[in-house]
Amino acid sequence: MKIYTKTLVRDLKMALRNPSSFLNPLLFFVIAISLFPLAISPEAHTLSNIGPGIIWVTCMLSVLLSLNALFHYDYDNGVLEQMVISPSSLSLILLAKITAHWLLTGLPIILLSPLMGMALFLDIDSIYVLMLTLLLATPSLSLIGAIGASLIVGIKNSGMLLSLLILPLYIPILIFATSAISQAQFDLSISGQLYFLVTILLISLMASPFVSAIALKISLE
Amino acid sequence: MSRLIVNDLSCQRGYTELFSNLSFGLSPGEILRISGANGSGKTSLLRIIAGISSGESGNVTFNNNAAGSIAYQSDIFYLGHLPALSPELYCKENLDYLTQLNGINTDRFVDDALTNVGLKNYKYEYTANLSAGQKRRVVLAALFITQAKIWLLDEPFTALDSDGINSLENQIAKHCENGGLCILTTHQDSKLPNLRVLAL
């Protein structure tokens, strides 16, 4: 368990000393969302209709943007090699790296989302639901993304490959999360969608560290 | 007796066969130098023994534990071509993490270890600011702390100055006197005792 905390602290430390690595996707999140009112319409009714979708799609793309760096630096300087041959559990090390990734992208996105929601004229209830869906689903985005990132580690210019691998797996999350928010706008029950998001989270939490570990070992062969 | 046994190993890279049916054993106290031309498979062999990759066929065991098992992995330390250090971290933090990965908690030893490799004043220096030789010394400090029985050193003398080379050779000799094993690749002449050579 000690290796988990050490890896988590190490990754956070490294990110804070090189802030552009995690600020870049967040900046993208804010800028991309703020462009939509300019391009489509500043009208409150239109924006509140498409707002949840915009926020969710942008959230996914900014997570995708940050995934390339998840293993890249450690691979380049040889630390990943040491992680793979470590007697400690590689899955646990990877879970720590995924946790750090979520703390640096998912969590800030959740914290920024009320602001973005207000900018797109979402009402207060929808903003709550938006935050709830983000809270349940952004960890899944990091977990599933780690599988893709570990498969492409070591391949040069693999950004497009990562999108092709990962985006299809993100689609169910996108569908359930946005439909929860639009249901909530009509005061309908959203428990079904939330159950699905929780199920996806639990499955990816159980599977992702192990699958990523196997993928990483294959990539380093 | 605890012997490192390499049994019937074959390795292929692309369409080229690097080596096939390679078998040897190594007893405690022995040092094996893998020699061969560039591209003859020295690093590939070391990576297989380290448990990073697996060959086309064959296996590697130590004390009847196969490469890749937890017991085996805690007996080895692998020093590869890459520095294995993160530039954003201090020397101390890098050393700390590297030894933690090798299953050892080092808070107490860090000062001594850095002093031993001549980096006493670099404890809180970013690794990015170190020279290639100094980076190598940080990894060597980790090597000297861990209690790994098998040292796998890929070109360990690269970038080291003559003092560094001497002290590393002394450490290797000492490690093997205490019953350790060492496999290394190098293009330099070395005056290590009990040296066996494997030509690829």
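## A hairpin in chain B

In strand S2 of chain B, B:Thr16 is the bridge partner of B:Arg13. Strand S1 (residues 4-13) and strand S2 (residues 16-26) of chain B pair in the antiparallel sense, over seven bridges. Two strands count as paired if DSSP finds at least two bridges between them. Helices (H or I, at least four residues) and strands (E, at least two) are DSSP runs, numbered from the N terminus. S1(B) and S2(B) form a hairpin with two residues between them, and B:Gly14 in the turn has a positive phi of about 65°.

Before we go on, please note that this is a predicted model, in which local features need pLDDT of at least 70 and side-chain atom pairs count only at pLDDT 80 or more, while totals for chains, interfaces and linings use all residues. Residues are numbered from 1 along each chain as its sequence is written, and chains are lettered from A and ligands numbered from 1 in the order in which they are written.

## The sheet around the hairpin

Strand S4 (residues 57-62) of chain B pairs with S5(B) over two bridges, in the antiparallel sense. Here B:Thr61 stands opposite B:Ala66 in S5(B).

## Helix H6 of chain B

Helix H6 (residues 162-177) of chain B has 16 residues, which should span 22 Å at 1.5 Å a residue; its end C-alpha atoms are 23 Å apart, which agrees. The expected span is 1.5 Å times one less than the number of residues.

Which residues of H6(B) are buried? They are B:Leu168, B:Ile172, B:His175 and B:Cys176. Seen down the axis, the buried residues of H6(B) fall within an arc of 95°, so they line one face of the helix. The arc is that of the directions from the helix axis to the C-beta atoms. A residue is buried if 20 or more other C-beta atoms lie within 10 Å of its own, exposed if 12 or fewer, and partly exposed in between, with C-beta atoms placed from the backbone. On the face turned away from the buried side of H6(B) are exposed residues, among them B:Asp163, B:Asn170 and B:Lys174. After H6(B) comes B:Gly179, whose phi is positive, near 90°.

## Chain A, built from helices

Chain A has nine helices and zero strands. Its radius of gyration is 18 Å, close to the 17 Å that the globule rule gives for 221 residues, so chain A is as compact as a globular protein of that length. This radius is taken over C-alpha atoms, and the rule is 2.2 Å times the number of residues to the power 0.38. Of the 221 residues of chain A, 43% count as buried.

In helix H4 (residues 69-76) of chain A, the buried residues are A:Leu70, A:Phe71 and A:Asp74. They cover an arc of only 65° around the axis, which puts them on the same side of H4(A).

## Where the chains meet

The contact takes 22 residues from chain B and 20 residues from chain A. Two residues are in contact if their C-beta atoms, placed from the backbone, lie within 7 Å. On the side of chain B that touches chain A, H3(B) gives the largest share, four residues.
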